[in-house]
Amino acid sequence: METFLAEHWLDILTTILGLAYIVLEYRASILLWFVGIIMPALDIVLYWQHGLYGDAGMAVYYTGAAIYGYLIWKFGHKHGQGAHEPLPITHFKRSLILPTIGFFTAAWGGTYYVLLIYTDSTVPVTDAFTNAMSFVGLWALARKYVEQWIIWIVVDLVCTYLYIVKGIPFKAGLYGLYVVIAILGYRKWLTMMKQ
């Protein structure tokens, strides 16, 4: 048991933080961003140890993006929002769909190229895919677009598979749970948006 805990302590700790994060996101609580700073900082080490270099790089991005997300949720404004009202949950603007797809495609290709050329990654296509989708998902979360949950469902499904393959069992279980919570979160945010 001690050997198991010694090998997986970081996986377990980041999984616990991940559970706290998803609960806070489900509730649309601004506190999610504080956990969103600590957890990815630890994930950098975890992913690097398991050869998931794209995910390690993504964790660096998540740390900075959590600061951005906090600032947007605290100080950002959308059309029709009152002066002292919190940032509202809204639908993704249709005008953003094509640029977002273009950004995703470029990010996927760029990340894949870096992983292929500069690392010994054994899963560059899927690692790059989840990274590119996560860039978009985190941006959509920071803007409080309800469709961010759909993006996370896709990311979480692929990550569950990826972490099983790479031998990170607790993180795989966490991302499997994320799929369920993302489905519930989508429904909850739709309800919150209508209120």
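This is a predicted model: local features need pLDDT of at least 70, side-chain atom pairs count only at pLDDT 80 or more; totals for chains, interfaces and linings use all residues.
How many nonpolar, polar and charged residues are there in the lining of the largest pocket?

View 1. Residues are numbered from 1 along each chain as its sequence is written, and side-chain values use heavy atoms, with hydrogens and water left out. The protein chain has seven helices and zero strands (DSSP runs numbered from the N terminus: H or I of at least four residues for helices, E of at least two for strands). Its C-alpha atoms fill a box of roughly 55 × 40 × 25 Å along the principal axes. The radius of gyration is 17 Å, which agrees with the value near 16 Å that a compact globule of 195 residues would have (taken over C-alpha atoms; the rule is 2.2 Å times the number of residues to the power 0.38).

**View 2. The largest pocket has H4, H5 and H6 in its lining.** A pocket here is an open set of points on a 1 Å grid over the protein atoms alone, with protein on both sides within 12 Å along at least five of seven lines; a cavity is a set where a 1.4 Å probe fits but cannot get out, and lining residues have an atom within 4 Å of a point. The volume of this pocket is about 150 Å³ (the space filled by probe spheres set on the points, which are joined across faces, edges and corners). Among the lining residues are Phe92, Phe104, Met133 and Glu147. Helix H4 (97-118), helix H5 (124-142) and helix H6 (148-165) each give two or more residues, and H4 has the largest share, with three. And that tally: seven nonpolar, one polar and one charged (Ala, Val, Leu, Ile, Met, Phe, Trp, Tyr, Cys and Pro count as nonpolar, Asp, Glu, Lys and Arg as charged, the others, Gly among them, as polar).

**View 3. One cavity of 30 Å³ or more sits in the structure.** About 350 Å³ of space lies in the largest cavity. Its lining takes in 26 residues, and nearest the centre are Tyr21, Met39, Tyr62, Trp152 and Tyr175. Helices giving two or more residues to this lining include helix H1 (2-26), helix H3 (53-75) and helix H7 (169-194). H2 supplies the largest share, six residues. By class, the cavity lining splits into 18 nonpolar, four polar and four charged residues.
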